[in-house]
Structure formats: C-alpha cells, structure tokens
Amino acid sequence: MGSQCCKFGPDEDALERERQRKLLLAQLCHKKRVKAAGQIQAWWRGVLVRRTLLVAALRAWMIQCWWRTLVQRRIRQRQQALLRTYVIQEQAAVKLQACIRMWQCRQRYCQMCNALCLFQVPEGSLAFQTDGFLQVQCAIPSKHPEFHIEILSI
C-alpha cells in the first residue's frame, strides 16, 4: 500500500491543472488577439469611412464650385445684356433728341427766313424807304424767334 501513495511519476491532477492553466492562458491570449484584431478592424473601417466621406465632400465641393461659377456666368451675361440694352436705348434717345432739336432749329430758321423774305426789297424797286419811316426790330430769344415791327408815321 505504501507503494501506491508514494508515486514518483507525474501526478494526473497536476497535469490536469497544468493543462487547465495552459488552456486559460491560451484563451486569454486568444481573447487579447481577438480584441486587438477588432480594434485594428474598427480603425481600418474608420479610415475607409473617412476616406469615403472625404471623397464625397470633395466631389460635393467641386459640384458646388462648378454650380457657383455657372450661376455667376449667367448673372454676368444677364447684366451685360441689360447693359447693352441700356446703352442702345440711351443712344437711341440721344439720337432722337438730336433729330428733334435739329428739326426745331430748322423750323426756327425757316420761320426767320420766311419772315425776312417779306421785308427784302426786290432789286430795282423802291418799295421801302430808308429814311426812318419803317423800323424793323428783331430780337431772337433762345427758344422762339420773335419779330417786333413798328411802323412810325410822321
């Protein structure tokens, strides 16, 4: 009986405990690796998401820049068209005013010429005497010509 209790070989309980301990260590190491892998995967997914968001933001920014350029170009074209229309209208108004003023000047000139033609003495006739019986006064204001004729009798 004494031989059974004093075994010098490996104890099965100790071996089992050693296996349990190694298994626990392996499980802990595996959990650490899984946790580290999860962290790496989360970081990589975050990098991919950030890249995707950055690309999307850059594309949106490019579209916005293009759209703003297009809108500014349209506004500038509209302003230039309005300016051209304004210039054409102003030139037409100036030309019309010049024509009307010229017509008015011609009318006044023709009135003056017609009025003076009445008082011109035909050559060879002595219809008007120059000794003071007839005095003609002509005053031309800036807008309308006026003739004042006074006939003096002796």
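Trp66 is exposed in this predicted model, with a relative accessibility of 54%, where exposed denotes over 50% relative accessible area, buried under 20% and partly exposed the range in between (1.4 Å probe, protein chains only). Trp67 has a relative accessible area of 43% and is therefore partly exposed. The model is predicted, so that local features require pLDDT of at least 70 and side-chain atom pairs count only at pLDDT 80 or more, whereas totals for chains, interfaces and linings use all residues. Residues are numbered from 1 along each chain as its sequence is written, and side-chain values use heavy atoms, with hydrogens and water left out.

Two aromatic pairs are found in a search of the whole structure. Rings of Phe, Tyr and Trp (its six-membered ring) are taken to pair if their centres lie within 6.5 Å; planes under 30 degrees apart count as stacked, over 60 as edge-to-face and the rest as tilted. In the pair formed by Trp43 and Trp44, the ring centres are 6.0 Å apart and the planes stand at 45°, so the arrangement is tilted. Trp43 is exposed at a relative accessible area of 52%, while Trp44, at 39%, is classed as partly exposed.

Ile40 belongs to helix α2 (residues 12-119), helices being DSSP runs (H or I) of at least four residues and strands (E) of at least two, numbered from the N terminus. The relative accessibility of Ile40 is 56%, which places this residue in the exposed class.

The count of salt bridges is two, each defined by a side-chain nitrogen of Lys or Arg within 4 Å of a carboxyl oxygen of Asp or Glu. Arg19 and Glu16 are bridged at 3.1 Å (N to O); both residues lie in helix α2, three residues apart, about one turn of the helix. Arg19 is exposed at 52%, and Glu16 is partly exposed at 36%. The side chains of Arg21 and Glu18 form a salt bridge at 2.4 Å (N to O).
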